[in-house]
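Q: Please take a close look at one part of this structure. I would like one connected account of a single residue and the helices around it.

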Amino acid sequence: MTAISFRSTPLAVLGHFLARQSRMIQAVQWLMVVVYLALVTLPAFLPVPDDSKHIWDNLVLFAQFAFWGVWWPFVMVSMLVMGRAWCGLFCPEGTMTEWISRHGLGRAIPAWLRWKGWPFVAFVCTTVYGQMITVYEYPKAALLILGASTVMALGIGLVYGRGKRVWCRYLCPASGVFSLLSRLAPVHFAVDAESWKTAPRTHAVNCATLVDVRAMTGGGSCHMCGRCSGHRGAVELQPRLPGAEIAALPAREVSPWDIILLLFGVMGVASGAFQWSASPYFIALKQGLAKILVEHSILFPMTETLPWWLLTNSDETGEVFTLLDGFCILTYMGGAALLFGTIGLAGLAAAARMLGQRQLLWRLGYGLVPAGAVGLIVGLSAMTLTQLTAEGVFLAWVPDARAGLLLLGLGWSAALLWRSLPAAALWRRAAAWSLGMAGAFAQLGMWGVFFFVW
C-alpha cells in the first residue's frame, strides 16, 4: 500500500475535523434522537387523518412523509455517496445503544451474537413483519416495529460491550444492507499499514463498532465517524473510484451471508414487499386460492383475521387483512425470494464453474450490489412519490429517472462483475459474465415490468 500523504485536501480536512469535534457530533446525534422519537412516537397517539388533511397541516401525515418518504430514501442514497456516515454521525439507535453501553454491564460478546447470519435474519423478519401490519401507513405499526428495535438495541448495549455499538455491528436489521451499499461509496478512511507500524505507540482508537482499524481495508464495517482520522499518522479520509472496493475485495472480506442477504433478502424479499400490492400475480394468487376454498366450503380464511399487531386490522380506517390476505402476502414475498435468489445464486455458481474456480461463487456476488441498491432506492422512492401524488404533486420526469436508475444499476453491476473476473480466455470470461449477471437482469427486469407494464 502506498504511503498516505497528509495534504490539506478537503476530504482529509473533513476527516480530521470530525476527529476533533466529538462534542458537536454528540449534540447532533442527540438532536436526531429527539426527532426520531417524535416522528415515531407522537403519531401513534393521534387520530387517523381523514381525506381533508395534508402533509403540511397534519402531524401524522407529516411524520409518515418525513420518515418513510424522506428519511429512509436519503439514508439509502447516503450509503452510496458517503459510506456509513449516517450510522456513525446521525443514527438514533446507534447513539442510544452506545450511550447506555457506557453505563451497562460490559460483558464480553458471546460467540452466538457474532454469528454472521443475523443481519440476514433480522432484515427478512423485519421486512416481512412490516408488511403484515402495514408499517408504512399505520403509526402504531411503525411504533411497534421501530420501538421494539430500539428497545432491543438498548438491551444489547446494556449487557454487552463497554461504550460500544454491539447492536449496530452484529444485530441491526439494516446493518447488512448498509455494509453492502457502503462498499460502493466514493470515499473511505484509508489506512497506511507501513506508517502505522513505524509511528510511536499511542492510545488505541475508540472504535465504537469494534473495527480493527489497523487492518481495515474497506468500508463495510466502518461507520465513518471520523474518530480514527489522523491516528498514528496513518488514517485519512480519501476518495476512490465508486465500487473500487468491490472490484479489489480481499478474500478475508468475502462472506457467503453477504450474498445470501443480497440475493434472497434485498433482491428477493424486499422486491416482493414493495411490489405485492400492485402485482397482478398477487391478485391471481388470492383469487385462485379463494376459489379453491369456496369449492371446498372452507370459508374462515376469507373472514377471520388477527389482532392488529399480527395482521393489519384497523378499526379507524376499516382496512383489514384476512388470514387469506396474510397467507398470500407471505407466499408472494417468499416466492420472490426463492425466484430472484435462486436465479442469482445459480447464475453465480455457473459463472464460477465456467471459470473453473467454484470458490469464486461468493466473491463474484458482490458485483451485483449496484443492482440491489437501485432496487431498494426505486422501491422506497415509489412510496415517496405515492405520498406526493396524494397531495396533488405530479412529476413528469419520474418515468425517465426510473428508467435511468435501472439502467445505471444494471450497467454498474455489469462493470463491477467484469472487473471481478479472474484472468481467463476472453470467451470464457464473457460466458461467465453473462451467467453471473442473471440475478441483476431478473431483478431489474422485474422492476421495469412493475413500473412500465403493470
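A: Leaving aside neighbours within four places in sequence, alanine 270 is in contact with Phe123, Thr127, Gly265 and Leu376. The model is predicted. Alanine 270 is found in helix α12. Its relative accessibility is 5%, so alanine 270 counts as buried, the cut-off being under 20%. Glycine 379 lies 109 residues away from alanine 270 in sequence. In space, the two are 8.4 Å apart, C-alpha to C-alpha.

Next, the helix itself. Helix α12 covers residues 256-275, and helix α19 covers residues 438-452. Two packed helices are described by the angle between their axes and the distance between the axes. Here the axes come within 11 Å and cross at roughly 5 degrees. Angles under 35 degrees count as roughly parallel, and α12 and α19 are therefore roughly parallel to each other. From α12, the residues that meet α19 are Val266, Met267, Ser271, Phe274 and Gln275. On the α19 side they meet Gly439, Ala440, Gln443, Met446, Trp447 and Phe450. By type, the residues of this contact divide into 7 nonpolar, 4 polar and no charged.

The buried residues of α18 pack against α14 (323-354), α17 (398-420) and α19. In α18 (residues 426-436), Arg429, Ala432 and Gly436 are buried. They cover an arc of only 65 degrees around the axis, which puts them on the same side of α18. Leu426 and Trp427 are exposed on the other side of α18.

Terms used:
Residues are numbered from 1 along each chain as its sequence is written. This is a predicted model: local features need pLDDT of at least 70, side-chain atom pairs count only at pLDDT 80 or more; totals for chains, interfaces and linings use all residues. Side-chain values use heavy atoms; hydrogens and water are left out. Axes are lines fitted to C-alpha atoms, for helices over the stretch in contact, and angles run from 0 to 180 degrees between N-to-C directions. Helices (H or I, at least four residues) and strands (E, at least two) are DSSP runs, numbered from the N terminus. Angles under 35 degrees count as roughly parallel, over 145 as roughly antiparallel, 65 to 115 as roughly perpendicular and the rest as oblique. Contact means heavy atoms within 4.5 Å. Ala, Val, Leu, Ile, Met, Phe, Trp, Tyr, Cys and Pro count as nonpolar, Asp, Glu, Lys and Arg as charged, and the others, Gly among them, as polar. Buried means under 20% relative accessible area, exposed over 50%, partly exposed in between (1.4 Å probe, protein chains only). The arc is that of the directions from the helix axis to the C-beta atoms.
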